Amino acid sequence: MAVDLSHVPHVVELAERTAAFVREVVVPEEERHDGVAARGGEAMRVRLQAAAKQAGVFAPHVAAEYGGQALDMRGRAAVFEEAGWSLFGPLALNVAAPDEGNMHLLEFVASRAQKERYLRPLALGEIRSCFAMTEPAPGAGSDPAALSTRAVRVPGGWRIDGRKWFITGADGAAFAICMARTSGEPGDRGGATMFLVDADNPGMKVVRHIDTLDESLYGGHCEVDFDGCVVPDEAVLGEVDQGYDYAQVRLGPARMTHCMRWLGIARRAQEIALARAAERRLFGSRLGDLGMVQGMIADSEIDMAAARALTLQACWELDKGHSASQSTSIAKAFTAEAVWRVVDRALQVCGALGVSGDVLLSRFLREVRPFRVYDGPTETHRWAIARRALRTATR
Ligand SMILES: Cc1cc2nc3c(=O)[nH]c(=O)nc-3n(C[C@H](O)[C@H](O)[C@H](O)COP(=O)(O)OP(=O)(O)OC[C@H]3O[C@@H](n4cnc5c(N)ncnc54)[C@H](O)[C@@H]3O)c2cc1C
């Protein structure tokens, strides 16, 4: 049976325009700041996003009423990979984590008033946001059921107490989507609620920036304290106690959009390696004529093609309205390891040049490594994949 994985013409055209925009406008900024977005500051974010709007490539994933082009997941796969060709591309297009995943969640779950207050300015790039789920041990991490941040009813609203960490983009975010336990005990599978917490709430504080291997995501990875943080009833996102279900609305697609963006960086790394293999001469031949180098190049082509196909398969299922939990786990686990391998091989092909700051490969390597931990560590996905397979086999 023939399978058609081609994209519709307007997606192809948008992907091509995105590719040109990223090369002409975004890459010079990325090189100027060694791939570390924070070095460019807020002025750079505003400048890049204004340029993306001008080029008609801004926020393509959100609905037209919020200024976007309502791309489905398959369409995002094509465009986000082109955005991801530069570390700063997703920021420029306003499709970077965590804002992109938060926009997706708000579109699905938020009330009309919440959409006007939070989604609209977020989609326009006027504000940034963060998603606060993970907690220091023994709280939520790979096992979200360990959630220990509590929200209890108080007159007119809720009081949230707990500590979160590794909250990407928290510094400078206008609001956080905070997961807190509203019923049950840590270890219980239900009982979580999502709250929209404004940054000026005196009960929410960014305690510190955590020093990490990666630096390209904007606003740092922060530790955030919720201490007597009182929010009104209107701050509840969706229904009380339904937070875990909404997390699935966010996490499945957010895993895939990470795969798309990092696939862009893998392709860029491979292009750097190919250019080097074509020009560098040693042992009487071109580097690219040596069999072991060809093996690395071929393995990277295979890794990227497989990662793209798995991601598209999962996107197709999401577009059809399926939960896609197995296919998103498979695509995420494979792609996170595949992009790491591709960047690592590219660095090897380039020799000492690869570890230098003269090309961005060592920066790419640092940026892609944490993807094997966030959005579910590889081991958590492998465990879930095996359990689903076993369940199917014993049905
Ligand atoms: C760069 C970065 C950005 C992040 N951004 C955010 C954010 O914006 N918001 C947010 O809420 N969180 C964020 N996180 C947190 C991230 O989601 C968690 O790190 C992740 O869920 C893993 O939780 P943990 O770190 O507590 O690891 P743990 O739960 O302590 O797991 C440790 C290790 O155990 C192993 N393991 C896990 N499950 C299994 C299993 N079933 N079988 C065998 N071994 C297993 C894995 O190797 C795993 O790495 C971010 C993390 C990083 C690194």
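**View 1. Helix 1 and helix 2 are roughly antiparallel to each other, because the angle between them is over 145 degrees.** Angles under 35 degrees would count as roughly parallel, 65 to 115 as roughly perpendicular and the rest as oblique. This is a predicted model: local features need pLDDT of at least 70, side-chain atom pairs count only at pLDDT 80 or more, and totals for chains, interfaces and linings use all residues. Residues are numbered from 1 along each chain as its sequence is written, and side-chain values use heavy atoms, with hydrogens and water left out. Helix 1 spans residues 9-32 and helix 2 spans residues 37-54. They pack at an angle of about 170 degrees, and their axes are 11 Å apart. Axes are lines fitted to C-alpha atoms, for helices over the stretch in contact, and angles run from 0 to 180 degrees between N-to-C directions. Helices (H or I, at least four residues) and strands (E, at least two) are DSSP runs, numbered from the N terminus.

**View 2. Side by side, helix 1 meets helix 2.** Helix 1 brings Phe-21, Val-25, Val-26 and Glu-29. Helix 2 brings Met-44, Arg-47, Leu-48, Ala-51 and Ala-52. Contact here means heavy atoms within 4.5 Å. The contact residues divide into 7 nonpolar, no polar and 2 charged. Ala, Val, Leu, Ile, Met, Phe, Trp, Tyr, Cys and Pro count as nonpolar; Asp, Glu, Lys and Arg as charged; the others, Gly among them, as polar.

**View 3. The ligand is surrounded by 17 residues.** The closest are Phe-131, Thr-134, Ser-142, Phe-166 and Thr-168. The shell divides into 9 nonpolar, 6 polar and 2 charged residues.

**View 4. N and O atoms of the protein reach the ligand.** A backbone N or O atom of Phe-131 lies 2.8 Å from a ligand nitrogen atom. In the side chain of Ser-142, an N or O atom is 2.6 Å from a ligand oxygen atom. A polar side-chain atom of Glu-379 lies 2.8 Å from an oxygen atom of the ligand. Strand 3 (157-168) and helix 12 (378-393) each give two or more residues to the shell.

View 5. Most peptide bonds are trans. Pro-98 lies in the loop between helix 4 (89-93) and helix 5 (99-109).

Terms used:
Near = heavy atom within 4 Å. Polar contact = N/O pair within 3.5 Å; in protein donor to acceptor, adjacent residues only side chain to side chain.
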